[in-house]
Structures are given as C-alpha cells and as structure tokens.
Amino acid sequence: MSAKIHCLITGALESSYRTSVYGAPERHPAATKEELVPYGYKERVYHEDGSVSPGLMVPVPVWLIEGEGKTILIDTGLGDCDEIMALQNNYGIDYIATKNKDEEIVTALGKKGLGPDDIDIVVLTHLHFDHIGNNELFSKARFVVQRDEIQFLVSPPPFATFYYREWQHKLTSVSDRLHIMEGDYRLSKDVELIKVGGHAAGQMVVMVNTTLGKVCIASDFYYNYTNINRAWPMGPLWNVQQWIDNDRRLKGHSDLILPNHDYALLEKYPSRIIGE
Ligand SMILES: [Zn+2]
C-alpha cells in the first residue's frame, strides 16, 4: 500500500516577479527575464481600483494525504480574504487575496467526502499566514509544527515577512493539541517530515511514498517550477545557504517534487490527485 495525495486549492494570492524569483532577474547576466518568468506572469495586471501593475496570481493549496488509516492534511490554507487584506495592509502590503465558493476549505474537503473532524493530523509546514488560515476548523486534529517557527508568529522581527502576530490565535486556538518538534520526524510508514529551512527557519517538506515513487510536497521551499528547474530560489528567504544545500538534497531523494504556488502544477495534474 502506498499513499495518495490530493491537491485542494483554498484561494489565490497576488504575487510579483521578485517574490516568485529571487533578486532582479531581468538584469541578471546568467538568464533573461523570459527564461525565468513564472507561469501566469503578466506585465499588465488590471486591478479593480483601476490601477495597472505587473504581477501574477498564485494558487494557495493544501494537501490531503490518504492511506494507512490516518487522514493527514498539510497546511490549512487561506483564511478569510477580507481579514487577510486588512491585516497585510497594516504592514504596507496591498496584495489581493481571493477565493471562490469551491475554494472554501470545508467545501473542498466535502467534495472528498470528508469534514474537518475527519482530519487526524494537520502538518503546519511553516507559520506564514497562507498556511494557517483555517486552523480553528480542525477541532479534533493533532497539529505538528517545528519549534523554530513558533517565535516568528509570536514575536516576529520587523523584517520577517508574512508572519503576523495578530494571528497568534491561529496557533493558541489549537495549543491543547499541538505537537512541537525539532528536526525530521516519521509520521507514518509512508509519510516523513523533513526540516529544510531556507524559506522559513522551521520550514518542513513532506516526503510521501506513492505509486509514482517518493513524492516531495515541497510547501514553500519551492514556490514554482522556475525555482525547481533553475535551482533559483523564490524571493522571501530566511537562509540562502540552507536553501542551496537542501535544494540538492531534496532533488537527490525525490522522484517527483510538487511546488506550492504554481498554477502550472494543476495543468500537469488535472485530476489534482498524485499517485492515483
Ligand atoms: Zn505560502
């Protein structure tokens, strides 16, 4: 028996070229902008308020792992969009967050015949806002997170992006079921958590044995296929050397890698099921 991975989309977030691909690649001597451009990028994006800017929308997935009797959810995705946009506005970020009815996490799980109470384990790959948005819905699940992430949500340094102390309640509301870890951890026979850092101090990826071999649910260690195929990190980075080292390590140990914020993934896997 091996496990099956379902990709459920919980909404979309606006992003920029520099957030998707590290540095200022349009001026980089090693590659042209066209070579590095992330899927879906447009020079002119028209906003509701009439403004126009370059950028792209990226999906915000969660990953459901089926098999071995336990139901495991990787991250809880995008929460309330109005709340998120107001929260980010406090920090000078005016990115758009959207979701349609089918992208409500309860609806998306319902289509798989599951309710929030059916989830046994939630893995929080890191504590950026788009990975913890629906924590409070999973009232029966055990939550797993790396110790290194806690301090960033509780008391983020001013330069740490995407951690919001106003959202501490996303963690305290599940603190009676919180399993705080340090390092790698085997969750079950077919599911292993690997601490990789890079994007965030306590960033984890999830290695899953499937019929396609060992699949790496990369979370935000890779945002998109440019990050994977060019070994070129995304913009928000906590530790560049960790990213370089673990990029090699993950590629050496995975048969397939799933980036987190790239609509191209949905074109490759139209059923949104990996390891059927
Ligand atoms: Zn993310």
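Among contacts between residues at least 6 apart in sequence, 69% join residues at least 24 apart; a contact means C-beta atoms, placed from the backbone, within 7 Å. The model is predicted: local features need pLDDT of at least 70, side-chain atom pairs count only at pLDDT 80 or more, and totals for chains, interfaces and linings use all residues. Residues are numbered from 1 along each chain as its sequence is written.

| Property | Value |
|---|---|
| Span of the C-alpha trace along the principal axes | about 50 × 40 × 35 Å |

Of the 276 residues, 45% count as buried, that is, with 20 or more other C-beta atoms within 10 Å of their own C-beta atom, placed from the backbone.

The largest nonpolar core has 71 residues, of which Val 123, Val 205, Val 206 and Ile 217 touch the most other members. Such a core is a set of buried Ala, Val, Leu, Ile, Met, Phe, Trp, Tyr and Cys residues joined through C-beta atoms within 7 Å. Leaving aside residues up to four places away in sequence, Val 206 touches Ile 74, Val 123, Val 191, Leu 193 and Ile 217.

Ile 217 also stands opposite Leu 258 in β13. Strands are DSSP runs (E, at least two residues), numbered from the N terminus. Strand β12 (residues 213-217) pairs with β13 in the parallel sense over three bridges; pairing requires at least two DSSP bridges.

Technical notes:
Helix = DSSP H or I, 4+ residues; strand = E, 2+ residues; numbered from the N terminus. Buried ≥ 20, exposed ≤ 12 C-beta atoms within 10 Å, placed from the backbone. Contact = placed C-beta atoms within 7 Å.
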